[in-house]
Amino acid sequence: MGILAREGYELTPRADEAEVLVVNTCSFIEPAQKESVDAILEMAEHKKFGAAKRLIVAGCLVERFREQILEQVPEVDAVVGTGEVERILEAVQGGLRVLPAEPPAFLYHDLTPRIITTPRHAAYIKIAEGCDHPCTFCIIPQLRGKFRSRRFESVVREAENLAAGGAREITLIGQDTTSYGEDLGLRDGLAQLLAKLAKVEDLLWVRFLYAYPNRVTQKLLDTLGAHPRLAKYMDMPLQHASRNVLARMKRGSHGDAFLKLLERIRASIPGVSLRTSFIVGFPGETEADFVELCDFVRAANLDWMGVFEYSDVDNAGSHALDEKIDAETITERRNGLMAIQKKISREKLRALKGRTELALVEGPSKDNPLVWEARLEGMAPDIDGKIYLTDIEIGGEAAVAGDVVRVEISRTDAYDLIGRVVEILPRAVSREPRAIQSMPPAETLTRIATGAPLRVLS
Ligand code: SF4
């Protein structure tokens, strides 16, 4: 989007008024693939009957089916894979239809034009791309290529620019964040990066997602514990607890080792919130394996948990494994595991009732614009619970999105909290609410659909 906006294209979230449609796709698991195909077909209708003149398909689906997309949906004019992001302009202007498949190698940097589609106060930074782990259920290495880190200074500069533009929270992402810097010859690269980002003024929290358990070093934990700006939060997908299943997943380890690691994390980072995710119904997961996982979840007492039903993607290593589990059992196991966690989560949140906590205001709720939302340090954007605010005014002043406030928590639920703002902390000058930067004049522009609310980052 940044590359196109720099060339003078106007971005629009409305497909019906766009002249060029770009569908950015996912193909990680079957449901994501289906959603992507549905979106392509829906956009093809706009090209047949609406204003659209070109339809482009980008992203992970292209890495799997580049030729097939063009063959099977004749309305598609060009496909752009994950390693070809910088060729989007040629695709839009008609100079590119399809490139030969190659291992993706693209990596953006701080000078790559970028349009931030999240609210101004909370931005994501991708610090690395690709993955070298052999997890048998996962085709991300095929879709995203080999692991490669962005330059240290490039990430820091991007964080500084985002903070100067009003970001209060930065979330570092990548398929394998805890390996950050290994390919650059850095030891404990993520810890070093976090320590540097912890010095960026105007940021309230810096967090990272997707820690790989055996890459969590003591240095990383000590760094998280030492810097107030580093969110006391860790997301560490464990995928399972049974030795048997983890071995078939080619992830090694087992529940007891994970419990020890969790103990070490809690001892190193007092007050840390922990999130994990599991896959249930992996081929060969016996009832005993599942019971072991349930026992693990009870013992681990984590703050947040996601459970994914195993998806049998045809070019993943696990596709060839025998002892597949039927869909009904998989869903039952998912529901069973979620029910265990729901009780844990409810208990944990209940302990917050009556307390006053620091929170970042998100703005009006998507579910109900009359209610506002905020998050605590232990709540990552989009994936964890949130606080619904019944009152955002204090002394005649109303909180705005991106404000740091104190919230008195009045009610608690299984995953969310309800509270009211009791104090708005002073805003730095760069944080004063201001108008969103306007787009260039419309008459010089072609319009492009993105499906997302947009804001140009200067
Ligand atoms: S570490 Fe994550 S991205 Fe890499 S192969 Fe395993 S599940 Fe996939």
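Author: Let us begin with the sheet. An open sheet of three strands has the order E5-E8-E9, with parallel pairing. This is a predicted model: local features need pLDDT of at least 70, side-chain atom pairs count only at pLDDT 80 or more, while totals for chains, interfaces and linings use all residues. Residues are numbered from 1 along each chain as its sequence is written, and side-chain values use heavy atoms, leaving out hydrogens and water.

Reader: What makes E5 and E9 the edge strands?

Author: Strand E5 (122-126) and strand E9 (205-208) each pair on one side only. Strands here are DSSP runs (E, at least two residues), and helices are runs of H or I with at least four, numbered from the N terminus.

Reader: How do you know that E8 pairs with E9?

Author: Pairing needs at least two bridges found by DSSP. Four bridges join strand E8 (residues 169-173) to E9, so the two strands pair.

Reader: Why is the span of H6 called close to the expected one?

Author: The expected span is 1.5 Å times one less than the number of residues. Helix H6 (residues 152-164) has 13 residues, and 18 Å is expected. From first C-alpha to last, H6 reaches 19 Å.

Reader: Which residues of H6 are buried?

Author: Buried means under 20% relative accessible area (1.4 Å probe, protein chains only). Phe-152, Ser-154, Val-155, Val-156, Glu-158, Ala-159, Leu-162 and Ala-163 of H6 are buried. Their cover includes E5, E8 and helix H7 (189-197).

Methods:
Buried < 20%, exposed > 50% of the residue type's maximum accessible area, 1.4 Å probe, protein only. Contact = heavy atoms within 4.5 Å.
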